[in-house]
Amino acid sequence: MTAYLEALHQEILCCGRSREDGLVTSVFVGGGTPSLLSGDEMERLFGLLRQQFAFAEDAEITMEANPGTLTEANLEGYRRAGINRLSIGCQSVHDEELEKLGRIHRFADFCESFSLARKAGFTNINVDLMSALPGQDLCSWEDCLEQIMAFAPEHISAYSLIIEEGTPFFDRQNSLQLPKEDTERRMYERTREILRQNGYEQYEISNYARPGFACRHNIGYWDQTPYLGFGLGASSYMEEIRFKNTSDMKEYLCQAKTGVFLREEEERLTLENRMEECMFLGLRMTKGVGFAEFEEKFGVSMMSVYGQTIEHFVREKLLTICENRVCLTEKGMDLANTVMAEFLL
């Protein structure tokens, strides 16, 4: 851990000295498990970041945390470091579902971690939840949502389980008792209904927030805002180029010793690529994509590029045009992948 942190500091030093960008408006300290770091280590990390970059006074600074890894002393250190938003990976309130997911925590660990975070003064907390789990039914998912409502988090990310290649679930997916497609869709509908009834606004396909608590950092991804990633496997998007760091720890530590951090999977986005991303990322948000914003970005009208596709999905009631913006309807959100695939030129 010490060697990795030193390498991370070195990368920040190498990059920060050469940049003259505007203010940093958001930071996201993502997984692995950054809550394994002590408060002192996090303070040192953010002290370095602030030396190298100019931070906006109201910057949103999020740290992911696994239940059971938070302590009172470390939470106080995270606050001193400037972290003002936590994202806690609960996933489920049912221990048997957590066990099937291979999680090492139990719901009681989440309860304790959430309580500690509130006592430490965190007033902006996200809870990650996951639906369509093996053996899960609609009643179990509704119970999960209702129990989380009792904690009154400011933000909820509710994702459906995706079976990805290279995971243990992929190798035994045929034996998993996964909910049927109709049940999974009903779970999504009930998520929207229950959270709406409890004062949460859906601002993205899988994200809900109380007014004023939408995640600024994630909105930046969907709005194609440039960002820098530091650390093992971190991705970046700067000057219309996407690139990532090595995911090999030995290689990353070696690069730190030389002071030369090499880009991997570097891709310069064409105008076509950027228009595609604008549509399939922007449509993830309930506000959709504005016609004027699109033309200002790309110098062409949205309808001249995507008119036929938009008109088709408006007729199918999957898209709607309102206040000079194109957005997914509620039905369209249920079938979002189908819609977004049609915006690939």
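Where is Ser 92 found, and which residues does Ser 92 touch?

Analyst: Ser 92 sits in the loop between strand E3 (85–91) and helix H4 (95–101). Keep in mind that this is a predicted model. Ser 92 has a relative accessibility of 0%, so it counts as buried.

Its side chain has two polar partners to look at. One is the backbone nitrogen of His 94, which the side chain of Ser 92 reaches at 3.0 Å. The other is the side chain of Glu 97, with a polar contact at 2.6 Å. If you leave out residues up to four places away in sequence, Ser 92 touches Glu 97, Leu 98, Phe 107, Leu 133 and Cys 144.

Now step back to the sheet. E3 belongs to an open sheet of seven strands, in the order E1-E2-E3-E4-E5-E7-E6, with mixed pairing. The edges are E1 and strand E6 (201–204), each of which pairs on one side only. From one strand to the next, the twist averages 20°. As a general point, strands of a sheet pair through backbone hydrogen bonds, either parallel or antiparallel.

E2 and E3 run parallel and are joined by four bridges; for instance, Ala 65 has Ile 88 in E3 as its bridge partner. Strand E2 (residues 55–65) also pairs with strand E1 (residues 24–29), again in the parallel sense, over five bridges. There, Val 27 stands opposite Ile 61 in E2. Between these two strands comes helix H2 (residues 39–52), and E1, H2 and E2 together make a right-handed β-α-β unit. H2 lies across E1 and E2, running at about 145° to E2.

H8 lies across strand E4 (125–131), strand E5 (155–160), E6 and strand E7 (207–209), and runs at about 15° to E7.

The structure holds 18 salt bridges, and one of them joins Arg 190 to Glu 142, with the closest N and O atoms 2.7 Å apart. That pair links distant parts of the chain: Arg 190 is in helix H8 (residues 181–197) and Glu 142 is in helix H6 (residues 138–149), 48 residues apart. Both Arg 190 and Glu 142 are buried.

Arg 186 has salt bridges of its own. Its side chain meets that of Glu 189 in a salt bridge at 3.1 Å, N to O; both residues lie in H8, three residues apart, or about one turn of the helix. Arg 186 also forms a salt bridge with Glu 193, where the closest N and O atoms are 3.5 Å apart.

Arg 186 has a relative accessible area of 32%, so it is partly exposed. Glu 189 is at 23% and therefore counts as partly exposed, and Glu 193 gets the label partly exposed because its relative accessibility is 28%.

Terms used:
Residues numbered from 1 in each chain as written. Predicted model: local features only at pLDDT ≥ 70, side-chain atom pairs only at ≥ 80, totals over all residues. Heavy atoms only, no water. Pairing = 2+ DSSP bridges. Right-handed = clockwise from strand over helix to strand, strands pointing away. Buried < 20%, exposed > 50% of the residue type's maximum accessible area, 1.4 Å probe, protein only. Polar contact = N/O pair within 3.5 Å; in protein donor to acceptor, adjacent residues only side chain to side chain. Contact = heavy atoms within 4.5 Å. Salt bridge = Lys/Arg side-chain N within 4 Å of Asp/Glu carboxyl O. Axes fitted to C-alpha atoms, helices over the stretch in contact; angles between N-to-C directions.
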